[in-house]
Amino acid sequence: MSTIRLTMAQALVKYLAAQRIEVDGQEVSLFEGVFAIFGHGNVAGMGEALYHVQDTLPTFRAHNEQAMAHAAIAFAKANNRQRLMAATSSIGPGATNMVTAAALAHANRLPILLLPGDTFATREPDPVLQQVEHFGDPTISANDCFRPVSRYFDRINRPEQLLTSLPQAMATLLDPEHCGPATLALPQDVQTFAYDYPVAFFAPKVHRIRRSPPDAYELRQTIAALQQAKRPLIIAGGGVHYAAACDALAEFAKARGIPVAETQAGKGALADSHPCAVGAIGVTGSAAANQLAEQADVILAVGTRLQDFTTGSRALFESSDKTLIALNVGRFDSLKHQALPLSCDALVGLGQLDAALGEWRGGDEWREQTGTLKREWADIVRNVTADQGLALPTDAQVIGAVNRQAGNDTTVVCAAGGLPGELHKLWQCSGPGSYHVEYGFSCMGYEIAGGLGVKMAKPEREVVVMVGDGSYLMHNSELATSVMLGHKLIVVVLDNRGYGCINRLQQATGGAGFNNLLQDCRTVEAGAPKTDFAAHAKALGCESESVTGIAELEQALVRARSATSTYVIALDTDPLPSTQEGGAWWEVAVPEVSEREQVKSAYQGYREAKQRQAR
């Protein structure tokens, strides 16, 4: 057997560089590259190894470990989980900074290979700088925090362990059902240890995403349920995108006359102009989609994990007179909510359903009602997103301005707070790839880093990041990275002077305005300072400007599109209004006991709402 002597770190990066994947019939590299922030736990081992492969496996320097992992995750999401990136950090805070990103990837079923440095496997110099000593178990390090938020975890304590662990990590990253973060903790001494690896281990390997067919019995059950349906509804989730099933769903829905509602992850599966597209579903859903969900007799949920924002905390469409079918590649998700399971790949499943349903279509009255509700909702969207000439516009009006300026080549990026809800309701998608919102983990600070990852994945697209002042202040460092790497973003900062979304939720549950808007926080007598976001962005190397009102924003967006580098536009917005039309109940627990009458009233409303909740 032919061998090659390499350090563990050299073997690791050589293996990653050899991984390929078939995408649309063509072979491409599986890994775009490695995000790295070096420290004493990875600079000597991984740093040296990455230096020698930078032409085949590029290394990208970021400014924050959590943010660089977010960018890597967004890259994978924008590539529908077919291409991905790795991220390496030092031990200690560098590693634990990535734990939040790992949780985000885990919640959203998105792949990233995490390579945190670790303490010495030999323990000879213990305790080393940044080591977390666990008095009762010396095998525990800070990297054990990754265990609950990783789909695959291993600590490489011997260089030869890569031979078995790396293929398992790859299998997890590319598994349609168990996809998520894989973490290989790398003790800094083991990174430098040498071993005679088999040359064959580094032969180029071409991966292909597995497509699982449906079980024959589950398929018959699903067909029988659909053939009895008069008022069917499809809920499209992120799995539709990841299975490359958007076109198939569009054709299936049109041929069968079935309205399609979309989750946050599923939004954009159909263009809004599609006759069956009825918008968002659930807590932040359109009035059209939610009314159809309440009246539907059969709901086919495709590629969604059916979380509370989709189901209205199990109160929207789970009455006993409905049949819920869960078509999902993940058995765990297809068994939720007492649904009829159809565990399979979305593209394969839709194809087999279409072939078996013959001439069946939804009822004529149902299709007519779908068209009427769709038109009524479109009128609402136009009204709430129109420019009202306000000095402090609403989030909806800002969304309208950005949407009007967006071309078919635009991807909007957002994450936590009130903006994702308004975008889910109001953004008019041009089709797949036009909408990228992280809401599975609802992680503030994802927006700018996520925008960078999307731009790296799709450099031909215009990437517009919409972010509130709160999220901007949490994580803005990757603006500098985007400038450094030449990946232009358009960033619209909506400054409502605080955490406006949670302020609204606080008041909706009877609470007083407290510790959310800056005016309601503990500050010095002069009050909280007004942040000049445009000046801050300029200091990071961006082009930028501040505007007032929607008309100025639209003009600035034109200038931003013609710019060649990242362009930040800041404007003040009203923290209080949100779009009241549409939506559904969301369970947020209210205190049983309070001195505030508003809380007592909210608690009574909460108890009444729970009576509609499926149990």
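**View 1. Glu22 and its salt-bridge partner in the predicted model.** Glu22 has a relative accessible area of 32% and is therefore partly exposed. In this predicted model, the side chain of Glu22 forms a salt bridge with that of Arg208, at 3.0 Å from N to O. Glu22 belongs to strand E2 (residues 19-23), whereas Arg208 sits in the loop between strand E11 (205-207) and helix H7 (216-227), so the pair ties together parts that are 186 residues apart in sequence. Arg208 is exposed, with a relative accessible area of 52%.

**View 2. A salt bridge between Arg256 and Asp354.** The side chains of these two residues meet at 2.9 Å, N to O. Because Arg256 lies in helix H9 (residues 246-256) and Asp354 in helix H13 (residues 346-356), the pair ties together parts that are 98 residues apart in sequence. Arg256 is buried, at 6% relative accessible area, while Asp354 is partly exposed, at 32%.

View 3. Glu545 counts as buried, at 16% relative accessibility. Its side chain makes a polar contact of 2.5 Å with the side chain of Tyr567. Residues touched by Glu545 include Ala534, Ala556 and Arg559.

**View 4. The second largest pocket, with about 1200 Å³ of space.** Among its 46 lining residues, Cys501, Arg504, Leu505, Ser578 and Trp586 are the closest to the centre. Helix H20 gives the most to the lining, with 6 residues.

Terms used:
Residues numbered from 1 in each chain as written. Predicted model: local features only at pLDDT ≥ 70, side-chain atom pairs only at ≥ 80, totals over all residues. Heavy atoms only, no water. Buried < 20%, exposed > 50% of the residue type's maximum accessible area, 1.4 Å probe, protein only. Polar contact = N/O pair within 3.5 Å; in protein donor to acceptor, adjacent residues only side chain to side chain. Contact = heavy atoms within 4.5 Å. 1 Å grid on protein atoms, 1.4 Å probe; cavity = no way out; pocket = protein on both sides within 12 Å on 5 of 7 lines; lining within 4 Å. Points joined across faces, edges and corners; volume = space filled by probe spheres on them. Helix = DSSP H or I, 4+ residues; strand = E, 2+ residues; numbered from the N terminus. Salt bridge = Lys/Arg side-chain N within 4 Å of Asp/Glu carboxyl O. Lists of a residue's contacts leave out its neighbours within four places in sequence.
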